[in-house]
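Subject: Structure handover

Hello,

Here is the structure you are taking over.

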Number of protein chains: 2
Amino acid sequence: MPYTHTHRILIALDCIIFGFDGEGLNLLLVKRNFEPEFGKWSLMGGFLNEGESLEEAAHRIVFDLTGLDNHYLEQFQTFGATTRDPVERTVSVAYYALVNIEDQDMNAIRSHNASWISLHKKPYLIFDHDIMVEEALKRLRTKAALNPIGFELLPGKFTIPQLQKLYEAIYDTKLDRRNFSRKILSTKLLMGTGEKDMTSQTKKGQLYSLNTHEYVRQQKGNFGFLPELILVDA
Amino acid sequence: MPYTHTHRILIALDCIIFGFDGEGLNLLLVKRNFEPEFGKWSLMGGFLNEGESLEEAAHRIVFDLTGLDNHYLEQFQTFGATTRDPVERTVSVAYYALVNIEDQDMNAIRSHNASWISLHKKPYLIFDHDIMVEEALKRLRTKAALNPIGFELLPGKFTIPQLQKLYEAIYDTKLDRRNFSRKILSTKLLMGTGEKDMTSQTKKGQLYSLNTHEYVRQQKGNFGFLPELILVDA
DNA sequence: GCAAAAGTGTTTCCGGTACACCCATGT
DNA sequence: ACATGGGTGTACCGGAAACACTTTTGC
């Protein structure tokens with residue numbers, strides 16, 4: 001016997017999909033070729049299906065758009081203002097995802113009319129999506145200072161300066177090259193591959209890959225990855 | 001015209017209500033005298049009503065139980081496993097609240113069959129409520145390290161040692177009396193009232209009250225209230 | 001006087017920061 | 001040779017931690 005309460009409503013999911021192009025943070029946004037708000041930009045979203053958990057639904061939405069199956073995904077806030085969707089009342093559970101911008105499925109992206117857009121050039125988004133992006137970024141900043149999740153935005157092999165560029169983008173700040181390198185290496189999270197970064201024009205930096213054992217371990221507790229960054233106000 | 005998607009479901013809200021009795025953290029829990037799970041303990045919860053935002057609904061639930069109108073309230077996670085409620089599928093948006101245990105409405109509490117229970121003696125709770133409590137505590141710990149919200153659990157006037165006991169309870173750790181005092185006073189958040197704490201048996205400590213101007217200001221950004229605590233693992 | 005709890009001062013230590021210097025590669 | 005960018009060493013500084021000492025009150 002179901003509950004007697006009757007106010008049953010749609011559950012939406014909206015995904016803030018972050019990517020890193022080597023210079024700055026990017027968002028995967030959809031130019032809507034459907035109603036409502038035809039022609040405007042929005043986050044990628046969808047509705048919760050029967051027999052599907054929130055986590056599964058968010059995963060499905062990101063997978064549909066990017067073709068990527070192993071992205072980092074974290075729920076961060078649920079939006080429930082009564083007027084947030086003009087069509088019909090919905091409550092939206094928002095997730096942010098970190099994907100490696102290099103191994104996405106361009107066909108999936110094109111078929112959804114989506115594009116990567118620099119965070120600094122973000123257009124106005126429909127509904128409460130602008131606020132969602134802002135909150136997602138806040139959460140990403142806190143999370144990335146305490147846990148080593150930034151790697152999710154990079155290819156499997158990368159140089160330390162590339163990693164630094166990423167953190168500078170996330171916190172919109174400048175970091176000292178030498179201190180950053182030392183700090184990262186002291187975490188024991190990186191393993192040298194012996195290979196060199198051949199894309200560089202000058203000195204070819206060493207390519208590192210993750211020590212996956214340590215990586216998984218340090219996801220769990222708060223080890224303080226770069227705790228000083230938590231106090232960066234931007 | 002509404003959306004064509006049809007899976008409309010109930011939105012529940014569950015509230016983790018924290019109180020501080022001078023020694024440890026307490027939870028306000030309900031011994032259910034209604035179905036389902038009659039006789040078992042659970043969090044205080046309810047359903048989202050038409051024309052009501054999530055925030056409003058959570059506020060209503062805490063107010064019904066405590067009679068308190070000005071408590072601290074923060075949404076922290078939404079739970080959506082398909083089997084989390086055996087009666088009917090629901091998605092639950094969870095909030096934690098900080099209340100001053102002294103000025104609650106005992107009648108409201110009794111009429112809901114609720115009790116304050118020490119966090120250390122928490123019974124098993126129904127559904128996924130045990131996980132909710134665990135996650136709420138994690139969030140409270142992170143939040144209280146970065147923003148001065150602990151005061152919400154104390155009376156309007158309190159001594160620095162009382163405040164210290166509170167933080168020791170939140171982080172389940174011991175702090176140095178002298179360093180704590182200096183740190184707190186350096187924030188300029190406290191104003192001496194000139195009064196003494198007459199409940200103490202020995203030396204009567206000075207009673208402080210909040211500098212509300214500074215307090216509101218420091219809620220906004222990340223000033224790092226006691227940032228070293230963010231790395232306490234418990 | 002003595003015990004218990006509040007309040008003040010000082011020293012040490014460590015992590016973050018700043019900066020000087022060396023190395024590797026392409027032109 | 002020189003410009004560009006990766007990599008290592010060292011000195012300093014500020015905040016956290018550790019600790020000694022004094023003050024207030026009840027018994």
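Through which surface do the copies meet? They meet through the same surface, because 100% of the interface residues of chain A are also interface residues in chain B. Please keep in mind that this is a predicted model.

**The two chains**

Chain A can be superposed on chain B by a rotation of 180°. The shift along the axis is 0.0 Å, and the RMSD is 0.1 Å. The two copies are thus related as by a two-fold rotation axis.

**DNA strand C**

DNA strand C is surrounded by 19 residues. The closest come from both chains: A:Arg178 and A:Gln201, then B:Arg177, B:Arg178 and B:Thr202. Of the atoms of DNA strand C that come within 4 Å of the protein, 49% are in sugar and phosphate.

- Base: the side chain of A:Arg178 has an N or O atom 2.9 Å from a base nitrogen of DNA strand C.
- Phosphate: the side chain of A:Lys183 has an N or O atom 3.3 Å from a phosphate oxygen of DNA strand C.
- Sugar or linking oxygen: the side chain of B:Thr202 places an N or O atom 2.9 Å from one such oxygen of DNA strand C.

Which elements give two or more residues to the surface near DNA strand C? They are helix 5 (177–186) of chain A and helix 5 (177–186) of chain B. Helix 5 of chain A gives the most, with four residues. By class, the residues of this surface near DNA strand C are twelve charged, six polar and one nonpolar.

**DNA strand D**

Now the other strand. DNA strand D has 19 residues around it. Here the closest are A:Arg177, A:Arg178, A:Lys203, B:Arg178 and B:Gln201. Sugar or phosphate holds 46% of the atoms of DNA strand D within 4 Å of the protein, and the rest belong to bases.

- Base: A:Arg182 has a polar side-chain atom 3.4 Å from a base oxygen of DNA strand D.
- Phosphate: an N or O atom in the side chain of B:Lys183 is 3.0 Å from a phosphate oxygen of DNA strand D.
- Sugar or linking oxygen: B:Gln201 uses a backbone N or O atom, which lies 3.2 Å from one such oxygen of DNA strand D.

Helix 5 of chain A and helix 5 of chain B each supply at least two residues of the surface near DNA strand D. Which element gives the most to this surface near DNA strand D? Helix 5 of chain B does, with four residues. The surface near DNA strand D has twelve charged, six polar and one nonpolar residues.

**Domains of chain A**

How many residues of domain 1 of chain A are in contact with domain 2 of chain A? The count is 19 residues of domain 1, and they touch 20 residues of domain 2. About 1,700 Å² is buried between the two domains of chain A. Carbon and sulfur atoms give 62% of that area. On the domain 1 side, A:Phe20, A:Ala145 and A:Leu146 lose the most area to domain 2 of chain A. Together these three make up 35% of what that side buries.

**Backbone points**

- In chain A, the peptide bond from A:Glu35 to A:Pro36 is cis, with omega near -5°. A:Pro36 sits in the loop between strand 2 (25–31) and strand 3 (41–42) of chain A.
- In chain B, the peptide bond from B:Glu35 to B:Pro36 is cis, with omega near 0°. B:Pro36 is in the loop between strand 2 (25–31) and strand 3 (41–42) of chain B.
- B:Asn113 is not a glycine, yet its phi is positive, at about 60°. B:Asn113 is found in the loop between helix 2 (106–111) and strand 7 (114–118) of chain B.

Best wishes

Definitions and conventions. Residues are numbered from 1 along each chain as its sequence is written. Chains are lettered from A and ligands numbered from 1 in the order in which they are written. This is a predicted model: local features need pLDDT of at least 70, side-chain atom pairs count only at pLDDT 80 or more; totals for chains, interfaces and linings use all residues. Side-chain values use heavy atoms; hydrogens and water are left out. Copies are superposed by least squares on the C-alpha atoms of residues with pLDDT of at least 70 in both. Contact means heavy atoms within 4.5 Å. A residue is near a molecule or strand if one of its heavy atoms lies within 4 Å of it. A polar contact is a pair of N or O atoms within 3.5 Å; within protein, one must be able to donate a hydrogen and the other to accept it, and residues adjacent in sequence count only if both atoms are side-chain atoms. Ala, Val, Leu, Ile, Met, Phe, Trp, Tyr, Cys and Pro count as nonpolar, Asp, Glu, Lys and Arg as charged, and the others, Gly among them, as polar. Buried area is the accessible area (1.4 Å probe) that two parts lose on being put together, summed over both.
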